Amino acid sequence: MRETIFSEKAPQPIGPYSQAVRSGNTIYFSGQIGLDPHNGQFVSDTDVVAQTHQVMKNIGALLETCGAQYANIVKTSIFLKDMNDFPKVNEAYATYFDSVFPARETVEVSRLPKDALVEISVIVAL
């Protein structure tokens, strides 16, 4: 069974992809960037912490739509424009989890959609 997940509370896709797709008890979220879902603009063009919090809120909106919580996230991929932002992103990201963190990788990339500073995708297990 394959199901497309959509939430008005998360930014609209900026390309030909779904916000998330459920297959069985696993949900794959497309990468989220720090766009405000109400106006489609970045919450800040220069503050990676503000963008990280917005990314996690966008993920939270999709989790809510799926009937899941941050604790259901089993794998995270973080893409950074600048690896020097790693400590700041870690600090903001960590506030969304209790003591059990998902598996994760973090990589620096040369460019992200709309020149975002951070993009995060997750895999959720129900």
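Accessible areas here come from the Shrake-Rupley method with a 1.4 Å probe, and for residues only the protein chains shown count as cover. With that in hand, the accessible surface of our protein chain comes to about 6700 Å², and carbon and sulfur atoms own 50% of that surface.

Quick housekeeping, then. This is a predicted model, where local features need pLDDT of at least 70 and side-chain atom pairs count only at pLDDT 80 or more, while totals for chains, interfaces and linings use all residues. Residues are numbered from 1 along each chain as its sequence is written, and side-chain values use heavy atoms, with hydrogens and water left out.

Okay, the overall picture. The chain has 2 helices and 7 strands; by that I mean DSSP runs numbered from the N terminus, H or I of at least four residues for helices and E of at least two for strands. Reading from the N terminus, the order is β-β-β-β-α-β-α-β-β. The radius of gyration is 14 Å, close to the 14 Å that the globule rule gives for 126 residues, so the chain is as compact as a globular protein of that length. That radius is taken over C-alpha atoms, and the rule is 2.2 Å times the number of residues to the power 0.38. The C-alpha trace spans about 40 × 35 × 20 Å along its principal axes.

How much of the chain is buried? Of the 126 residues, 43% are, where buried means under 20% relative accessible area, exposed over 50%, and partly exposed in between, with a 1.4 Å probe and protein chains only. As for contacts, meaning heavy atoms within 4.5 Å, take those with a separation of 6 or more: 67% of them come from residues 24 or more positions apart.

Now let's walk through some strands. When I say two strands pair, DSSP finds at least two bridges between them. Start with β2, residues 20-23, which pairs with β3 in the antiparallel sense over 4 bridges. A20 stands opposite F29 in β3. The two strands make a hairpin with 2 residues between them, and G24 in the turn has a positive phi of about 65°.

Strand β3 itself, residues 26-29, has two faces: I27 and F29 are on the covered one, with T26 and Y28 on the uncovered one.

I27 stands opposite V124, and Y28 has I123 as its bridge partner.

Strand β7 has other partners to show you. Strand β4, residues 32-33, pairs with β7 in the antiparallel sense over 2 bridges, with I33 bridged to E119. Strand β5, residues 73-80, is antiparallel to β7 as well, over 7 bridges, and I73 stands opposite V124. As for cover, 6 of the 8 residues in β7 are buried.

Last stop, a helix residue. Where does V55 sit? V55 is in helix α1, residues 48-66. V55 counts as buried because its relative accessibility is 0%. Leaving aside neighbours within four places in sequence, V55 touches Q32, I33, G34, V118 and I120. For V55 and I33, the C-alpha atoms are separated by 5.3 Å, though the residues are 22 apart along the chain.

That's my tour; happy to go back over any part.
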